[in-house]
Structures are given as structure tokens and as C-alpha cells.
Amino acid sequence: HQSDVLGVYRMVDTYNDRPVYKQEGGENYIYYSSASSSWLVGTVVGHQYGWLRNSSTAASSARWLPDLSSGWEYRPLVRGEDSLCSWQGDDGTLRIESLRDVEKVTELIRDIKNAEEID
């Protein structure tokens, strides 16, 4: 999966009457797209292209990101004819949640990224 989208996100703005979150130390944002009725994680707020999305029925009514505890999908890194259109929902561990201990989570994410560099 895309470890580059892992991290701590903080609310920085609004878009489509919902919060926009910016990744600390990264280039990604989490935002709501009214065009696709989904929450997306991507590098440009408002674009329909992203690395993660939540287009579940709950996504269109969720006004606050932590309300979406499930329904997240990822875009495979494999390039192919339909890779830009295909979303995978087979990762049951994929979630976005509000944090209580930011330092501990940041350390865990650093460990994950370092482990991927070793592989």
C-alpha cells in the first residue's frame, strides 16, 4: 500500500462545507469531493484523483471525518490499463481515526516506513 499517505493529519481549512486535513510533513490532504460524494486522500484539494477514498453511503452525509470508521479503499500502485479506475477495498485495517497520542502514532508510522525501505 501507499505508506506515503500514512501520518498525522490536522485540520487546516474547509472545502465543500467540510474540513480539510493536511498531512504533517507530507504533501497529502484529506477532503470531501461533492462531485464524487466521497472523501479522498490526495495531493490537490478538489481533484478527483487520490490514493485513498471513502465513497460509502455514510461518506456523503458525514460532516466530520472521524465519523467514517470503515469503507476506505486504496488505489493499487501497479500500473495497468485500468489501474487509474480500480479501487480495492480488501484491506480491513485501513482506517482514519482521531488520535489521542500523536507522538506514539508518529513513532509507529516512522517504524513502518523504515521497515519498507529495508525490504
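Colleague: How many bridges join strand β1 to strand β2, and which way do the two run?

Modeller: Six bridges join strand β1, residues 9–15, to strand β2, residues 18–23, and the two run antiparallel; strands here are DSSP runs of E with at least two residues, helices are runs of H or I with at least four, both numbered from the N terminus, and two strands pair if DSSP finds at least two bridges between them. This is a predicted model, in which local features need pLDDT of at least 70 and side-chain atom pairs count only at pLDDT 80 or more, while totals for chains, interfaces and linings use all residues. Residues are numbered from 1 along each chain as its sequence is written, and side-chain values use heavy atoms, with hydrogens and water left out.

Colleague: Which residue is the bridge partner of Met11 in β2?

Modeller: The partner of Met11 there is Tyr21.

Colleague: And what sits in the turn of that hairpin?

Modeller: Two residues lie between β1 and β2, and Asn16 in this turn has a positive phi of about 55 degrees, although Asn16 is not a glycine. Asn16 counts as partly exposed because its relative accessibility is 27%, where buried means under 20% relative accessible area, exposed means over 50% and partly exposed lies in between, using a 1.4 Å probe and protein chains only.

Colleague: What about the hairpin of β2 and β3, how many residues are between the strands?

Modeller: There are five residues between β2 and β3, and Gly25 takes a positive phi near 70 degrees in that hairpin. The two strands pair in the antiparallel sense over two bridges, with Lys22 standing opposite Tyr29 in β3.

Colleague: Is β3 mostly covered or mostly open?

Modeller: β3 is mostly covered, since four of its five residues are buried. On to its pairing with β4: the two strands are antiparallel with five bridges, and Tyr31 stands opposite Leu40 in β4. They form a hairpin with four residues between them, where Ser37 in the turn has a positive phi of about 50 degrees, again without being a glycine. Ser37 is partly exposed because its relative accessible area is 31%.

Colleague: Which residues touch the most other members of the largest nonpolar core?

Modeller: Of its 17 residues, those are Ile30, Trp39, Val41, Leu52, Leu65, Leu68 and Trp72; a nonpolar core is a set of buried Ala, Val, Leu, Ile, Met, Phe, Trp, Tyr and Cys residues joined through side-chain atoms within 4.5 Å. At least two residues of this core come from each of β3 (29–33), β4 (38–42) and β6.

Colleague: What does Trp72 touch?

Modeller: Leaving out residues up to four places away in sequence, Trp72 has contacts that include Trp39, Val41, Leu52, Leu65 and Ile96, contact meaning heavy atoms within 4.5 Å.

Colleague: Where is Trp87, and is Trp87 buried or exposed?

Modeller: Trp87 lies in the loop between β6 and α2, and Trp87 counts as buried because its relative accessible area is 15%. The C-alpha atoms of Trp87 and Tyr74 are separated by 5.6 Å, with the two residues 13 apart along the chain. Beyond its neighbours within four places in sequence, Trp87 is in contact with residues including Trp51, Leu52 and Tyr74.

Colleague: Changing topic, how much space lies in the largest pocket?

Modeller: About 930 Å³. Its lining has 32 residues, of which Leu6, Gly7, Arg95, Ile96 and Glu97 lie nearest the centre. On a 1 Å grid over the protein atoms alone, a pocket is an open set of points where a 1.4 Å probe fits, with protein on both sides within 12 Å along at least five of seven lines, and lining residues have an atom within 4 Å of a point.

Colleague: Which element gives the largest share of that lining?

Modeller: That is α2, with six residues.

Terms used: Grid points are joined across faces, edges and corners, and a volume is the space filled by probe spheres set on the points.
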